[in-house]
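Subject: Structure for you, with notes on its pockets and cavity

Hi there,

Here is the structure I promised to pass on. Please have a look, and then read on for what turned up.

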Amino acid sequence: MKVLLINGSPNKTGCTYTALSEVEKVLNANNIKTELLYLGKKPIAGCIACMNCMETGYCFQKDIVQDIQMRLDEFDGIIIGSPVYYSAPTGQLISFLNRLFFTTEKRMAGKLGASVVSCRRGGASATFEQLNQYFTICNMPIVSSQYWNSVHGFTADDVRKDEEGLQTMRVLGQNMAWLLKCIENGKKAGIEKPIYEPRLRTHFIR
């Protein structure tokens, strides 16, 4: 079992990293493998609606998005982390996620998803909700914690003082590890993933 943790902050070891690391420690303590992906500081191209991926299953742009698309089968869970930029995730992260999820819907189905948000003061709930939309459109069960998955602080040192926020991260890690083990044991017991009806895509004018 393996979980991909995505750091959508331009700061490699800042507040978002600190929150994700707290989740990662608990996952590792439960024998869940992890990979922490840092998107870097350079811009990530957004989706240009060329639809090439509809035929290939992968974005035509050879970058970090395509790399993760090629490796999706490695991961049983995905945790997305972002700081708050004007009550929203970072633009770089949104570009990454829009392209990552666009044609991988069927391959995402059944993976566990969770969002983690860091903010100085406000905007966390709006950012949290936006990130969770990626999971709910792809048949991905969302893992919760004892509070909304957010930490507060302007620096990583501030976040390390946010006792409630860090505890929320640890509980998130516990819940994800538990659910991953439940799914794994379900497979061993012969419980298969759901078989879905063919997807209907209608326009509201019809």
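Predicted model: local features only at pLDDT ≥ 70, side-chain atom pairs only at ≥ 80, totals over all residues.

Residues are numbered from 1 along each chain as its sequence is written, and side-chain values use heavy atoms, with hydrogens and water left out.

The second largest pocket has a volume of about 440 Å³. (On a 1 Å grid over the protein atoms alone, a pocket is an open set of points with protein on both sides within 12 Å along at least five of seven lines; a cavity is a set where a 1.4 Å probe fits but cannot get out; lining residues have an atom within 4 Å of a point. Points are joined across faces, edges and corners, and a volume is the space filled by probe spheres set on them.) Its lining has 21 residues, with Gly110, Lys111, Ile183, Lys187 and Lys193 nearest the centre. Helix H8 (residues 163-188) gives the most to this lining, six residues; helices here are DSSP runs (H or I) of at least four residues and strands (E) of at least two, numbered from the N terminus.

The largest pocket comes to about 730 Å³. Among its 26 lining residues, Glu105, Lys106, Ile137, Arg199 and Arg201 are closest to the centre. H4 gives the most to the lining, with four residues. By class, the lining has 13 nonpolar, six polar and seven charged residues.

There is one cavity of 30 Å³ or more, and the largest cavity holds about 90 Å³ of space. Its lining residues include Cys47, Cys50, Met51, Cys53, Cys59 and Phe102, and the lining divides into nine nonpolar, two polar and one charged.

Met51 lies in the loop between strand E2 (33-38) and helix H2 (53-56). Met51 is partly exposed, at 40% relative accessible area (buried is under 20%, exposed over 50%, partly exposed in between, with a 1.4 Å probe and protein chains only).

Best wishes

How values were computed. Nonpolar A, V, L, I, M, F, W, Y, C, P; charged D, E, K, R; others polar.
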